[in-house]
Amino acid sequence: MKVKRLVTWGGITLGALGMGLAIKSLLPQRFLTDDWVERKPSQPLDTASFPEVEVSFLRCGSITIPEPIAVLGAFTLAPLVMAHSAVLIRHPKALFLYDTGLSSEIDTYLVDQSLFFRKTLGHFQLEQTLGSHLKERGIERSDLDFVLLSHLHWDHVSGIPDIRGVPLRINRVEYEAAKLCLLDAGNGLVQRLLGDNPIEFFDCAGPTYEGFRSSFDVFGDGSIILVPLPGHTAGNTGMFVNRSNGPRLFLLGDAAWVSQNYLRPTTMHPFIWSRVTSDDATARQTLIDLHYYALRHPEIPLIAMHDAELQEKFMKSERHIQAVGRYT
Ligand SMILES: [Zn+2]
């Protein structure tokens, strides 16, 4: 009898412990950012001498998840829309994409993936394929000069089947790291999506840029600057767009999922974070760097590639700029 009672109590205690751990996993982690750091905005860059550059988010798909999955410590179960997007950049020196969204053939590429993957990270609602977005704008594959890939996760290279033949510019650090495992994972999913498109490597080996450790000036005129934002993957690459016809813009790849990740700052829920992050400590440091950058530069939208809300907000003002042909 005594043993039975002991087992029952043990079970209850273990159950309570499990419940406690589950609740704790949803609470904010201590992610200390000191208040003594100067929060005064930096002097904005004079952009008058930069070229006119059009930026369009091409939303290809989305998935709606509870906010605490993307933002650890968010005390709400409000649904949060995560986007799968490409970004079309119309620059006087090139027409190019940053990431590729989703192609019309994406389902055939995912059909042999595990059920777990297809029900979790590989689950999304296809809205409009990359090919369809380009067609709508009268853009042929051959009109695109190149694609800059923020990193090599499947969801950022999934539009490539719609733009076969277009050169892919990839951070050498990212490709070297991906060769060790990522390219071949899931029956070579990423390798198959990259296909035979020509690959051109770039190195973020230029000088420090606005607090980021190094940079690569794509056209040599200061208008498109790439900076390393590592941790999510080894070579996750951010891109500054400096232009005279609209606000400066900073694209983050997947250094964050949504703005709350760098504003608080906080990671995603550990269940997801641990699965999608290649280097935990480095990814957290990148979030902290972005946190302070956002405080110093409230005039610059920092937009992550899955941040549907910020992308929509940006496109509202961008449509106005593109319609009137100038920045007012
Ligand atoms: Zn992603």
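Tutor: Start with cysteine 60: its relative accessible area is 0%, so it is buried. Buried means under 20% relative accessible area, exposed over 50%, and partly exposed in between, with a 1.4 Å probe and protein chains only. Cysteine 181 is at 51%, so it counts as exposed. The disulfide count is zero, with a disulfide taken as a pair of cysteine sulfur atoms within 2.5 Å.

Some ground rules. This is a predicted model, where local features need pLDDT of at least 70 and side-chain atom pairs count only at pLDDT 80 or more, while totals for chains, interfaces and linings use all residues. Residues are numbered from 1 along each chain as its sequence is written, and side-chain values use heavy atoms, leaving out hydrogens and water.

Strands (E, at least two residues) and helices (H or I, at least four) are DSSP runs, numbered from the N terminus. Arginine 59 has 23% relative accessible area, so it is partly exposed. Its C-alpha atom is 4.3 Å from that of serine 85, which is 26 residues away along the chain. Contact means heavy atoms within 4.5 Å. Beyond four places in sequence, arginine 59 touches residues including Val81, Ser85, His133 and Glu312. Its side chain also makes a polar contact of 3.0 Å with the side chain of glutamate 127. Such a contact is a pair of N or O atoms within 3.5 Å; within protein, one must be able to donate a hydrogen and the other to accept it, and residues adjacent in sequence count only if both atoms are side-chain atoms.

Now the metal. The zinc ion has four protein donors: Asp155 (OD), His156 (NE2), Asp254 (OD) and His306 (NE2), 2.1 to 2.2 Å away. Donors are N, O and S atoms within 2.8 Å of the metal (3.2 Å for Na, K and Ca); water is not among the atoms, so sites may look incomplete. The donor angles run from 85 to 168 degrees, so the arrangement is irregular. Four donors count as tetrahedral if all angles lie between 85 and 135 degrees; four count as square planar and six as octahedral if opposite donors are over 155 degrees apart and all others between 65 and 115; anything else is irregular. Along the chain, the donor spacing is D-H-x97-D-x51-H. Aspartate 155 in helix H6 (residues 154–157) and histidine 306 in the loop between strand S12 (302–303) and helix H12 (308–324) are 151 residues apart, so the pair links distant parts of the chain. Both are buried.

A polar atom of its side chain lies 3.2 Å from the backbone nitrogen of aspartate 254. Asparagine 236 is in the loop between strand S9 (224–228) and strand S10 (237–241). At 0% relative accessibility, it is buried. Its contacts beyond four places in sequence include Ser150, His151, Glu174 and Leu252.

Leucine 252 touches Tyr98, Leu290 and Ala304, among others. With Met239 and Phe250, Leu252 touches the most other members of the largest nonpolar core, which has 57 residues. Helix H11 (residues 280–296) gives the most to this core, five residues. A nonpolar core is a set of buried Ala, Val, Leu, Ile, Met, Phe, Trp, Tyr and Cys residues joined through side-chain atoms within 4.5 Å.
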